[in-house]
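I opened this structure for a first look. My notes follow, in the order I looked things up.

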Amino acid sequence: MQLKNQGAPSPQEIELKLALPDTSIPRVKCLPLLACQAPSQHTLVNTYYDTPEGLLAEQRVALRLRHDDGQIVQTVKTAGMGGGGLSTRGEWEWPLEAATLDIEGLKGLPPFAAIGPERLAELAPQLETNFLRTRWEIEHSGNRVEVALDEGEIVSGQHTTPIRELELELKSGHPDALWELATLIAKATPLRPSDSSKAARGRCLAEQHWPLPDARSPSALLHRATLALDAWHDSQREAHLAAAEDSLRQLSAHPALDKTLREFARQLTCGLDSHGQPDRYFGPAALALARRLNEPGALS
């Protein structure tokens, strides 16, 4: 077994996730910064595992098997830290010869250190994500970034929801490259940051329950608004769109914001249509605000 980043104390994935309206997908594919190279395409079939009562979900751990062009890969991810679309999370992955969980490989990973073997034996398929991934790997100011456009669906119980998202993953270099590239894309087509992983979306879909965190600080209000928009698009429950709009209004009036941040926040309050889709100003403003709020020592 070969683990990704084997030997590193805590292998990490640094990624920025962007949700796209239907109309933005063809625009993304034609972007000059991506059109300079031919993309690769892969049909990915993913099965996520958990115990029947959701032990891994409680601990904010995702476990999946991925079928990718005849290869099978087992992946473990921890919950992302960050907000405004950016997340840093632990990630371990390794190839398998058959589509059967490698339980022995899980036992040596930090997220499973406190889980007994009897509980690992209860792991079973809980949801699927199936999508076409169009992938580019680009250089930006000396940094290497994978840009992945995912189109497909989440299947969870009797429920489904579309996948239309762009993931920017840092392969080498500084995370600022993700903000810069995302902003370039946002200036070319409407989009919004997303803070919900595919696994988390699938769990909420199965339970038909989309909890939102309490929020008072600027970063927490932006995170709540982002999660609420994710929930609205998966649930179509008006309460979630209302929660997003209310969080953005509170954010724009927050006394801790300076003039520049307040203007970004104000653009967000008027940047959503009646269907919760962003206009062309929403993405750049949301990314600029999130980037500032993610800086060390920024408002928490």
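I began with Glu-238, which I found in helix H9 (residues 238–252). Helices here are DSSP runs of H or I, at least four residues, numbered from the N terminus. Glu-238 is exposed, with a relative accessible area of 56%; exposed means over 50%, buried under 20%, partly exposed in between (1.4 Å probe, protein chains only). I then checked Glu-238 against Gly-276: they are 38 residues apart in sequence and 9.9 Å apart in space, C-alpha to C-alpha.

A note on sources: this is a predicted model, where local features need pLDDT of at least 70, side-chain atom pairs count only at pLDDT 80 or more, and totals for chains, interfaces and linings use all residues. Residues are numbered from 1 along each chain as its sequence is written, and side-chain values use heavy atoms, with hydrogens and water left out.

Next I turned to helix H11 (residues 282–293). Its 12 residues should span 16 Å at 1.5 Å a residue, and the end C-alpha atoms are 16 Å apart, which agrees. The expected span is 1.5 Å times one less than the number of residues. Nine of the 12 residues are buried, so H11 is largely enclosed by the rest of the structure. Among them I listed Phe-282, Pro-284, Leu-287 and Leu-293.

Last, I looked up what touches H11. Helix H10 (residues 259–269) meets H11 through a contact (heavy atoms within 4.5 Å). On the H10 side I noted residues including Leu-261, Phe-264 and Leu-268; on the H11 side, Ala-285, Leu-289 and Arg-292 are among them.

Methods. Helices (H or I, at least four residues) and strands (E, at least two) are DSSP runs, numbered from the N terminus. Axes are lines fitted to C-alpha atoms, for helices over the stretch in contact, and angles run from 0 to 180 degrees between N-to-C directions.
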